[in-house]
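We will take the tour stop by stop.

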Number of protein chains: 2
Amino acid sequence: MKKSLKELKNLSVIARGDILKMTTVANSGHPAGSMSSIDMFLSVLNRANIFPDDPFNPDRDRIVVSHGHTSPGFYVALARMGFVDIEEVISGFRYAGSIFEGHVTRGIPGVEWSTGNLGQGLSAGIGMALAAKKRGKDYRVYVFSSDGESSKGQIAEARRTAIKEGLNNLIVLLDYNDIQISGRARDILSVNIVGEYEAAGWNVIEIDGHNFDQINKALEVAENEPLRPTVIVAKTIIGKGVSFMENTPTYHGKALTKEQLSKALEELGLENDVEKYIEKRKNMALTRDKLSYPNIELNVETGQPIVYGKGEKVANRNAFGNAIADLAKLNMENFPVVAIDCDLKPSVNLEKFEKVNPEGYIQIGIEEHNAATIGGALSVSGALTFFADFGVFGLDEAFNQQRLNDINHTNLKTVVTHCGIDVGEDGKTHHEVNYIGIVRSLYHTKLIVPCDANQTDKAIRYAAKVPGNFVIAMGRSNLPILLDEEGNVYYNNDYNFEYGKLDVFRKGRDLTVFTYGSFAHLAVEAADKLKEEDIHITVIGVPTPLDFDLTQVKEYVDNTIVLTLEDHNVENGLSNELSKAMIKNSMKPSYFEPMGLKEYAPSGTIKDLLRVHGFDVESLVKKMKGLIESK
Amino acid sequence: MKKSLKELKNLSVIARGDILKMTTVANSGHPAGSMSSIDMFLSVLNRANIFPDDPFNPDRDRIVVSHGHTSPGFYVALARMGFVDIEEVISGFRYAGSIFEGHVTRGIPGVEWSTGNLGQGLSAGIGMALAAKKRGKDYRVYVFSSDGESSKGQIAEARRTAIKEGLNNLIVLLDYNDIQISGRARDILSVNIVGEYEAAGWNVIEIDGHNFDQINKALEVAENEPLRPTVIVAKTIIGKGVSFMENTPTYHGKALTKEQLSKALEELGLENDVEKYIEKRKNMALTRDKLSYPNIELNVETGQPIVYGKGEKVANRNAFGNAIADLAKLNMENFPVVAIDCDLKPSVNLEKFEKVNPEGYIQIGIEEHNAATIGGALSVSGALTFFADFGVFGLDEAFNQQRLNDINHTNLKTVVTHCGIDVGEDGKTHHEVNYIGIVRSLYHTKLIVPCDANQTDKAIRYAAKVPGNFVIAMGRSNLPILLDEEGNVYYNNDYNFEYGKLDVFRKGRDLTVFTYGSFAHLAVEAADKLKEEDIHITVIGVPTPLDFDLTQVKEYVDNTIVLTLEDHNVENGLSNELSKAMIKNSMKPSYFEPMGLKEYAPSGTIKDLLRVHGFDVESLVKKMKGLIESK
């Protein structure tokens, strides 16, 4: 039962009181901005096709709050619309034993996307709106934004995708209160918000953000826009409703004192029952309920692996291109299979995929921040989602977007090609040599660095099937297909990819090398050369450098000369993880030497760069012999 | 002696031949885009106030090539204007034994900024133009950009700063060839380039980018613009000058074959002497000359340290605010002392600095990518430059900008406050818990995480004085001043900050804790409590977690119960670095337990969050006693 405008107006007074109480109870939070957005929060929650009793209904409209610090306002609006309990919200806000965190948090019923880092919400909304289009659903996406965050470049990026993809199911409500932390927005940095949206081709509507009639009429126009996304630029007053809070930056990020609260509640004509909530908070435990997420598992058909044969030279990125095309063919009738590209189609090998599945190929252009967030949002909206990019762009450039995806428990499969000096001539700006270190920072993202094309094929199919975020990293070059000691294909038809499993390519007692990715074959070739001289070394592939159980190979570590060989910064890659594992398991090599990159590398062919670093097979053989002789 | 337009025109034909030869010799690189920009490269190098024989002259105009893959064009233009040797350029391009890397590289005479990752060059140019304003210099900054990179959000950010700061000494030449890797720019993602620059308030001039008369007239207008920055949007033809290369994406990133080269040189009316360069390349060594950088050292007066007294509680960020205000007072007569802020002035404590030095306070607004790059460029342009931001924004959000600063060997002092769960109630999007791991990825950036306000004061003064990039990381809370075993101030007036030195706060044989930053006092307090029970532990402060010599404290590690305690992701912080150091130095604790963050933390007061994690003093004491008893 939708509320009348009059009811909404009355509710907005109560909600303002709630906002003030909860921030005073927490002695923390952002009351004033919440009060400038609250009338729009209530209006949208009242109009939207959403279900308090079934918050994850797949046909629901999606609401994203990009200026996540207005969480008091949004939580209160959710509570007053029946999604969550108002007493829990007011007493638990920003308490370690409550789910009502300082910034809007996915996992709370009604919250579709965790934000807090500004500028990402529009891209998230675009991902959700795009998912509706791809799935033939008619739900809408409402994104709340603010003038303060409008300076973020990612928003300029996102605006273009919304136009390109014709997202008329997307509506932005922009709270224009002209106040930021440091003062008036226009003094801090003038942003021509209306002009920029117009230049990008959006439908722009300007209203008074505290006039329920104007808000609702604008929403109606926007909801019926046939072609374009709409932005409703709403002039608002920060701290609206309480005289001493209006139009001042003071209460952007500061709660009222109890005395100020009394005065404010009196002005709003509300009872002051704040002590009740303070008391309730005192009795709350520090352990909290789990956040609840909708099921994102897709029933992915992974098909038959492609096995590349002995003697072939295949780049892992080519194996990715073949595998993803295969996955598209196998699954596109059941759900969208999408691949996000940033103008690197031929390099990241999406051409075959696009041919098979043109609807699933999404060209974002050179906008990696936007692309990573769109990918994250698509991945929790019913699409099997790959984001293919060069390592430096997909991880280094978009790190904070990947971090927010990680926080949001998304289901994104990020495939980064052109990792390591294997990229060669493009030089150091393009050498992604810290991908292990970067992904190590993400608590919920798994990393796979396949050792050849066959393992790549299996890993891509594995990651497609298993819910959660994956980064699959690979180089650029054509690599030999790895063989076992008998000369047969190592990752053959019977091989199953297991996350965490180590691959023992060669066994020998003289020395042990741990390696992965595009350098694995170098160690194997060195082993085979040494064998001719009756020197026997162990070569262990570590395709999951962040998670492996070293006790699997204990016998090849303790009292053994151990090397790591990696196309990675030597300080935050495998040697790092191996050191931790050795300490953890009280293993002690007789000698340990990490071989990796100690400095940015120059431009050059991979062949030359290997020689410069002493990582070519000949140098490796020489080095290993020397170590075996001297240790 | 400046060249006439006719001479330039003739030279441009020769230069096109050079571009084609060098990419064919390298069998790699981006010839076609170089050919669309070359006429502008030559025109600007011909007009600008630059000195081939004195490339680092402090009064020189600065030229930034943001679309760094057009390096063949820019290197050739530099060579033909006398900065570098044309034979070296053609034969050495993209060879591991040459300085002429795949993307324009700072350190080559005439190259002011390494690029390759798109979208950052305009911000770099702004930093340099701003330095001219702050230093009262009248040099100009020319930035080359392209339509392809115009989609990057950082450019939208940068445009606003250029307007806000009134940078009429900044001229952008935008190569609009309408071709990207995947095809026509307008098909990949339509960007309303002229409309966006106009909406931002720039002076916009549209020209034919192959007409030397138009290029030079436009530059003259731009050079005389009294108030605003100018963008010259130049319609160009990719591959211009060779019929089969024009207007096709094929040669964006692909060299001509020898046969195609012959044909092209014939069309250009040039001799084919490519074999000479191929031969020369064959004889080049794999070792190369060092890149050469201008001296960036400033003669910084660091003054007298502020010593906070026993019993005071001071946040490290407050100590930073006091120290930077002091540094401004001491040095601002000699060179600009600037602090870059992204709308967090009160939180990062720049208010005192601004009062002392209003000219040096630079408000960028909520544009961290732009801010980080501007800071990097300012720091190599004669200003002592601090960039103050929250950890998540200054490091996670701007990681790839910091990475490019690192590649550029800048001199930026990034001060990140609000690191760790010490941030408390703002919650996980604001908890920067991977700053050690992030800075570990940067080869030329030092990290300091001071243990209290006194060490912060000394560290800030130290970093100001020592050339190179520093990240100084700190939390939010007020912290006690650390005392030695006798109860005197630990970092007292006699203390000198030494990079790499460990601080032994307490000594005891029962157990050793390594810690730093806002958790150091917890370990010290636990030690003092344990002492009352006649249990004696060692507490070691590690203010430089990326570089320390563990042999300093060998006696407290070997055969000892060792803990690390850190407000950081437990997997990529100190426990990590300590594990490596233990393995490297063959030290073996009797027991090792890393204590840190195993998951994103909820919102809450730091007091509650410490209890949730078992890091409060009471829990620590209990845990340590248990370990000492059981091990």
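At what angle do the axes of helix 1 and helix 2 of chain B cross? Before you look, note that this is a predicted model.

**Stop 1: two helices of chain B**

Select residues 5-26 of chain B for helix 1, then residues 31-47 of chain B for helix 2. Their axes cross at roughly 140° and come within 10 Å. That makes helix 1 of chain B oblique to helix 2 of chain B. The crossing of these two helices is right-handed.

Now show side chains. From helix 1 of chain B, the contact includes Leu8(B), Leu11(B), Ala15(B) and Ile19(B). From helix 2 of chain B, it includes Met35(B), Ile38(B) and Leu42(B). Colour the contact of helix 1 with helix 2 of chain B by class: you get 9 nonpolar, 5 polar and 2 charged residues.

**Stop 2: another helix pair in chain B**

Stay in chain B. Select residues 121-135 for helix 5 and residues 153-164 for helix 6. Here the axes come within 8 Å and cross at roughly 20°. An angle under 35 degrees counts as roughly parallel. Helix 5 of chain B and helix 6 of chain B are therefore roughly parallel to each other. Helix 5 of chain B passes helix 6 of chain B in a left-handed crossing.

Which residues of helix 5 of chain B make the contact? Pick out Leu122(B), Ser123(B) and Ile126(B). On the side of helix 6 of chain B, look for Ile155(B), Ala158(B) and Arg159(B), among others. The residues of this contact between helix 5 and helix 6 of chain B divide into 5 nonpolar, 3 polar and 1 charged.

**Stop 3: an annotated span of chain A**

Move to chain A and select residues 314-481. An unreviewed UniProt entry places the feature "domain: Transketolase-like pyrimidine-binding" there.

**Stop 4: a parallel sheet in chain A**

Switch to cartoon view. Strands of a sheet pair through backbone hydrogen bonds, either parallel or antiparallel. How many strands form the open sheet with the order 10-9-11-12-14-13 in chain A? There are 6, and the pairing is parallel. The edges are strand 10 (361-363) and strand 13 (445-448) of chain A, and each pairs on one side only. From one strand to the next, the twist averages 20°.

Strand 13 of chain A is joined by 4 bridges to strand 14 of chain A, residues 469-473. Select Leu447(A): opposite it, in strand 14 of chain A, stands Val471(A).

**Stop 5: a mixed sheet in chain A**

Next, find the open sheet of 5 strands in the order 16-18-17-19-20 of chain A. Its pairing is mixed. Strand 16 (503-506) and strand 20 (591-597) of chain A are the edge strands. The twist averages 20° from one strand to the next.

Select residues 561-569 of chain A for strand 19. Strand 19 and strand 20 of chain A pair in the parallel sense over 6 bridges. Leu565(A) has Met595(A), in strand 20 of chain A, as its bridge partner.

**Last stop: Lys507(A)**

Where does Lys507(A) lie? Look in the loop between strand 16 and strand 17 (511-515) of chain A. Now pick Ile537(A), 30 residues away along the chain: the C-alpha atoms of Lys507(A) and Ile537(A) are separated by 5.9 Å. Leaving aside residues up to four places away in sequence, Lys507(A) touches Glu485(A), His536(A), Ile537(A), Thr538(A) and Tyr556(A).

Technical notes:
Residues numbered from 1 in each chain as written. Chains lettered and ligands numbered in written order. Predicted model: local features only at pLDDT ≥ 70, side-chain atom pairs only at ≥ 80, totals over all residues. Heavy atoms only, no water. UniProt positions renumbered as here; feature names shortened; annotations may be inferred. Pairing = 2+ DSSP bridges. Axes fitted to C-alpha atoms, helices over the stretch in contact; angles between N-to-C directions. Parallel < 35°, antiparallel > 145°, perpendicular 65-115°, else oblique. Left-handed = near helix turned anticlockwise from the far one by under 90°. Contact = heavy atoms within 4.5 Å. Nonpolar A, V, L, I, M, F, W, Y, C, P; charged D, E, K, R; others polar.
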